[in-house]
Amino acid sequence: MAMLKIKKGDTVQVIAGKDNGKEGKVIAVDHKKRKVTVEGVNMITKHAKPSQANPNGGILQREAPIDISNVMYVHKGKVTRIGFKVDGDKKVRIAKTTGEVID
């Protein structure tokens, strides 16, 4: 399986779908399904039964995962593709537009 270029905590912008243009922070990455959950994007309505954690139950708004191909990494306010480079003995991510090391 190929390594995914988007990680938890990255800021991404949605480039396709109903939330096109929205930005947010990545909350979770599902490597097997190739999906990411982004804060404030792809909101769904979930009906919850009462439980110990939520005694009243009710209707909740939460983020649903979207395909990783529908988001792009945001570097210094602009979207960019991500590449890899070996820096010494470490493999690091770089922004393709500027060539700068991301992490």
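**Entry 1: the nonpolar core**

I began with the largest nonpolar core of this predicted model, and I counted 15 residues in it. I noted the ones with the most contacts inside this core: Ile-6, Val-12, Val-36, Val-38, Ile-66, Ile-68 and Val-71.

I then picked Ile-66 and listed what it touches, leaving out residues up to four places away in sequence. My list reads Val-14, Arg-34, Lys-35, Val-36, Val-41, Asn-42 and Val-71. Val-36 and Val-71 are on that list, and both are also among the core residues with the most contacts.

**Entry 2: the sheet**

Which order do the strands take in the sheet? I traced 6 strands in an open sheet, running S6-S3-S2-S1-S7-S8, with antiparallel pairing. S6 (66-67) and S8 (78-80) are at the edges; each has a single partner strand, so one side of each has no neighbour in the sheet. As a reminder to myself, strands of a sheet pair through backbone hydrogen bonds.

I went through some of the pairs one by one. S1 meets S2 (residues 23-30) in the antiparallel sense over 3 bridges, and here Val-12 has Gly-24 as its bridge partner. S1 is also joined to S7 by 3 bridges, again antiparallel; on this side Gln-13 is partnered by Met-72. I also jotted down that in a regular strand the side chains alternate between the two faces of the sheet.

**Entry 3**

Is S7 mostly covered or mostly open? I found it mostly covered, with 4 of its 5 residues buried. Its antiparallel pairing with S8 rests on 3 bridges, and I saw His-75 standing opposite Lys-78 of S8. The hairpin of these two strands leaves 2 residues between them, and Lys-76 there takes a positive phi near 55°.

**Entry 4: the largest pocket**

Last, I checked for open space. The largest pocket holds about 280 Å³ and has 15 lining residues. Nearest its centre I found Lys-5, Ile-6, Ile-68, Val-71 and Ile-82. Ile-6, Ile-68 and Val-71 were already in my notes as core residues with the most contacts.

What kinds of residue make up the lining? I sorted them into 9 nonpolar, 2 polar and 4 charged.

Methods:
Residues are numbered from 1 along each chain as its sequence is written. This is a predicted model: local features need pLDDT of at least 70, side-chain atom pairs count only at pLDDT 80 or more; totals for chains, interfaces and linings use all residues. Side-chain values use heavy atoms; hydrogens and water are left out. On a 1 Å grid over the protein atoms alone, a cavity is a set of points where a 1.4 Å probe fits but cannot get out, and a pocket is an open set with protein on both sides within 12 Å along at least five of seven lines; lining residues have an atom within 4 Å of a point. Grid points are joined across faces, edges and corners, and a volume is the space filled by probe spheres set on the points. Ala, Val, Leu, Ile, Met, Phe, Trp, Tyr, Cys and Pro count as nonpolar, Asp, Glu, Lys and Arg as charged, and the others, Gly among them, as polar. A nonpolar core is a set of buried Ala, Val, Leu, Ile, Met, Phe, Trp, Tyr and Cys residues joined through side-chain atoms within 4.5 Å. Buried means under 20% relative accessible area, exposed over 50%, partly exposed in between (1.4 Å probe, protein chains only). Contact means heavy atoms within 4.5 Å. Two strands pair if DSSP finds at least two bridges between them.
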